[in-house]
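Let's take a walk through this structure together.

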Amino acid sequence: MSPKIGVVTFPGSLDDVDALRAVRLSGAEPVALWHGSDSLDGVDAIILPGGFSYGDYLRCGAISRFAPIMTSVVEAAGRGVPVLGICNGFQILCEAHLLPGALIGNDSRTFVCRDQRLRVETNDTTWTSAFTRGQEITIVLKNGEGHYVADEQTLDRLEAEDRVVFRYLDRNPNGSYRDIAGICNERGNVVGLMPHPEHNVDPLTGPSTDGLAFFTSAIQHLHALAG
Amino acid sequence: MARVVVDVMPKPEILDPQGKAVTGALQRLGFAGLAVRQGKRFEIEVDGEVTDERLDEIRRAAETLLANTVIETFAVSVETQEQAAAQGQPA
């Protein structure tokens with residue numbers, strides 16, 4: 001049986017449908033989840049998609065973080081359920097303290113939209129195990145507030161614990177400290193990143209299909225668990 | 001009805017892109033030597049008296065939702081009737 005991967009729709013989510021499609025193209029069963037429900041409908045993994053939930057009011061992700069479903073997401077993450085936060089989803093994970101640090105306005109003060117080269121710094125996470133360490137990939141990046149910040153101590157700890165998952169290559173697009181594009185929690189089941197792997201799953205609509213491996217990583221992990 | 005104000009500011013070490021944009025615009029308009037950092041002000045109308053317990057509660061609200069203490073600091077103050085009147089607003 002294919003594993004079930006849920007995608008949460010918040011008011012103002014934009015890329016929930018693309019994420020559901022990416023899940024389907026990767027061979028899992030997509031399940032649409034609703035922010036106002038506290039039920040995860042028995043899914044095996046959860047994606048918080050990109051967009052501008054609650055219009056980015058107050059701070060990006062600050063209001064979504066308290067949506068009823070987030071209590072269940074935080075609890076599931078604690079049990080080791082794979083959770084992927086993409087762009088606004090990454091901001092929500094930081095606001096929910098599932099990941100350290102925060103995302104602020106790009107240092108360029110412009111919205112950035114481009115095909116971004118990244119280096120996969122670790123494949124020791126649930127969402128990157130199908131990559132090789134050091135692999136260079138291209139993933140769509142599009143955001144106005146993708147500037148990752150954290151205090152020096154947190155940054156040093158992330159590096160020491162192999163929890164910087166992706167780094168920007170070529171030009172740092174938003175001022176992120178230490179070129180960080182994505183990080184994970186201590187256990188490696190919760191990953192957040194600003195670029196959008198769900199847009200890189202079909203040669204028709206993207207310059208690469210490097211995004212597929214995010215989803216196949218989680219699917220392989222879930223098959224191994226079920227094995 | 002009393003009013004409590006929560007001021008939220010980006011921490012000094014955190015880049016403030018909005019403040020930088022405003023600073024640049026002021027310079028272009030000829031307002032020289034003004035460096036701006038931009039924060040947020042929350043005016044909170046409180047039912048009943050502002051007791052110490054109520055202020056503690058508002059501090060918890062600020063810490064939980066109004067500010068992200070990873071990147072921001074906040075200050076809670078009670079607005080007096082004189083301050084409110086000076087702003088031309090009912091206290």
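## Where two chains meet

Twelve residues of chain A are in contact with ten residues of chain B. On the chain A side, the residues that touch chain B divide by class into four nonpolar, four polar and four charged. Keep in mind that this is a predicted model.

Now turn to chain A itself. Its secondary structure consists of five helices and eleven strands. The radius of gyration of chain A is 16 Å, close to the 17 Å that the globule rule gives for 227 residues, so chain A is as compact as a globular protein of that length. Of the 227 residues in chain A, 57% count as buried. Among contacts in chain A with a separation of 6 or more, 75% join residues 24 or more positions apart.

Next comes chain B, where three strands form an open sheet in the order S2-S1-S3, with antiparallel pairing. Strand S2 (40-46) and strand S3 (72-79) of chain B stand at the edges with a single partner strand each, so one side of each has no neighbour in the sheet. On average, and ignoring direction, neighbouring strands here are turned by 20 degrees against each other.

Follow strand S1 (residues 2-10) of chain B and you will see that S1(B) pairs with S3(B) in the antiparallel sense over eight bridges. Pro10(B) stands opposite Glu72(B), which lies in S3(B). Helix H2 (residues 52-66) of chain B packs on this sheet and touches S1, S2 and S3 of chain B. The direction of H2(B) makes about 150 degrees with that of S3(B).

Technical notes:
Residues are numbered from 1 along each chain as its sequence is written. Chains are lettered from A and ligands numbered from 1 in the order in which they are written. This is a predicted model: local features need pLDDT of at least 70, side-chain atom pairs count only at pLDDT 80 or more; totals for chains, interfaces and linings use all residues. Helices (H or I, at least four residues) and strands (E, at least two) are DSSP runs, numbered from the N terminus. The radius of gyration is taken over C-alpha atoms; the globule rule is 2.2 Å times the number of residues to the power 0.38. A residue is buried if 20 or more other C-beta atoms lie within 10 Å of its own, exposed if 12 or fewer, and partly exposed in between; C-beta atoms are placed from the backbone. Two residues are in contact if their C-beta atoms, placed from the backbone, lie within 7 Å. Ala, Val, Leu, Ile, Met, Phe, Trp, Tyr, Cys and Pro count as nonpolar, Asp, Glu, Lys and Arg as charged, and the others, Gly among them, as polar. Two strands pair if DSSP finds at least two bridges between them. Axes are lines fitted to C-alpha atoms, for helices over the stretch in contact, and angles run from 0 to 180 degrees between N-to-C directions.
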